[in-house]
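I opened the notebook to record what I looked up in this model, entry by entry.

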Amino acid sequence: MHNRKRFMCLLTAFCLFLSALSLAGCGKEETPSSSGKESGEARETGKTGETGDPGEMGETAPALQEDIIGDVAVTEKDGLTYAEVDVYAMTTTMQLKAYGDRAPEAVQAAAEEIVRLDHLLSVGNPESEIGVINAKGEGEVSADTLAMLKKAGKVHERSGGALDISVYPMMELWGFTTEEYRVPSQEEIDSLLPLVDQDLMEIEEREEGALVRLKEGQGIDLGAVAKGFTSDRVAQIFRSYGLESGLIYLGGNVHCLGSKPGGADWRIGIQDPGNSAGIVGVLAVSGKAVITSGAYERYFKNEETGKTYHHILDPATGCPAETGISSVTIVSPDGTLADSLSTACFVMGLEKSVEYWREYGDDFEMIIMDDDGLIHLTEGLEKSFTSEGHKVKIIYR
Ligand code: ADP
Ligand code: MG
């Protein structure tokens, strides 16, 4: 199971699956952000990637459920040992790249940790910590899951509930969990809305971890937070192997360990939400996570309404968040925070996100693309972001 050949076979199968989708006409959808201008395929896409890196992969199909670790490839680059491994986990493709004497061991250990975390968190696995809680209404969680719950809890509170991990029953209602998409009736939405409130969930801390109890009918999903937490963990593992330089791609999100060998910043492309093949600009960055949420990542079009519906729901309405922005990128040394905030800010929209940043933004910066194609950039990124043909407006404190 743990071999590159199998991994590549599955990726090839996925590519065929995508072409089949296009042939069947599923690729002719309007993207939610582009009101008729662009076409997009019914699939998830990669978001951010190091520029000039041909190795970046798009996200993968839900049909491939098993976690798979590819073989570690080892070469020499810039006079250092360089190791790279591909991982399929958390229903997405990931790539770990690291420089340093112990890079081969470090990427292998990190890949195994990713798989372990996926087994803790997967909503699709009835035996995961989250799976058990959703099935039984309560369950024990480990210190790692508790750490995520706490950080998500803080962002939930500060964002006025824009991030709410108990949005899961609503995700099910819209068919995002099974890919059997549908537009629910207002009555259906109204009947589930009272359950979407993570404050109703009880967390009883234990010596290690906690006991989590949900209200009847509630369900939780750490999908908005887990990849950021995972990238923090991978960076921590890399450091524990004495590495100072590496890049962690988790389904389009990027976490940079240190700088490039030699000390230059990494150059991370920020994806164009209206065109999966393009970027809106390049960010020069070291030692930070660069995490994006966008309306283009997963969506479906309903023939009856003629509208597209994406996967980030506003917990206040139970519907896809519509706040006039098409993507939010958060840049922070804290990947878990960046992931939580990318989702929260997408739901809050520009003005509220800016208020949030002014109040709590000591440890993060933002790049927000609005539906008119204007890029709003917080001042800490002014010198490090270069736009590719888009107007940029700087937000000051
Ligand atoms: P992605 O995981 O696609 O990179 P996000 O980090 O924005 O993007 O997370 C989106 C996921 O978070 C959704 O697939 C869903 O599982 C969950 N989710 C959707 N809306 C919310 C919300 N308002 N609060 C918390 N989680 C959400
Ligand atoms: Mg997120």
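Is D78 exposed or buried? I worked on a predicted model, where local features need pLDDT of at least 70, side-chain atom pairs count only at pLDDT 80 or more, and totals for chains, interfaces and linings use all residues. Residues are numbered from 1 along each chain as its sequence is written, while chains are lettered from A and ligands numbered from 1 in the order in which they are written.

I found that D78 counts as exposed because it has 10 C-beta neighbours inside 10 Å (exposed means 12 or fewer other C-beta atoms within 10 Å, buried 20 or more, partly exposed in between, with C-beta atoms placed from the backbone). D78 sits in the loop between β5 (73-77) and β6, and has a positive phi of about 50° although it is not a glycine.

I then turned to E179, which lies in the loop between α5 (168-173) and α6 (186-192) and has a positive phi of about 70° without being a glycine. E179 is exposed, with 12 other C-beta atoms within 10 Å.

Next I looked up ligand 1. Of the 19 residues around ligand 1 (C-beta atom, placed from the backbone, within 6 Å of it), G223, A224, S293, L313 and T343 come nearest. Domain 1 (2-124 + 224-395) and domain 2 (129-222), with bounds from an automatic or database domain assignment, both give residues to this shell, so ligand 1 lies between them. Helix α8 (residues 335-360) supplies the largest share of the shell, four residues (helices are DSSP runs of H or I, at least four residues, and strands runs of E, at least two, numbered from the N terminus).
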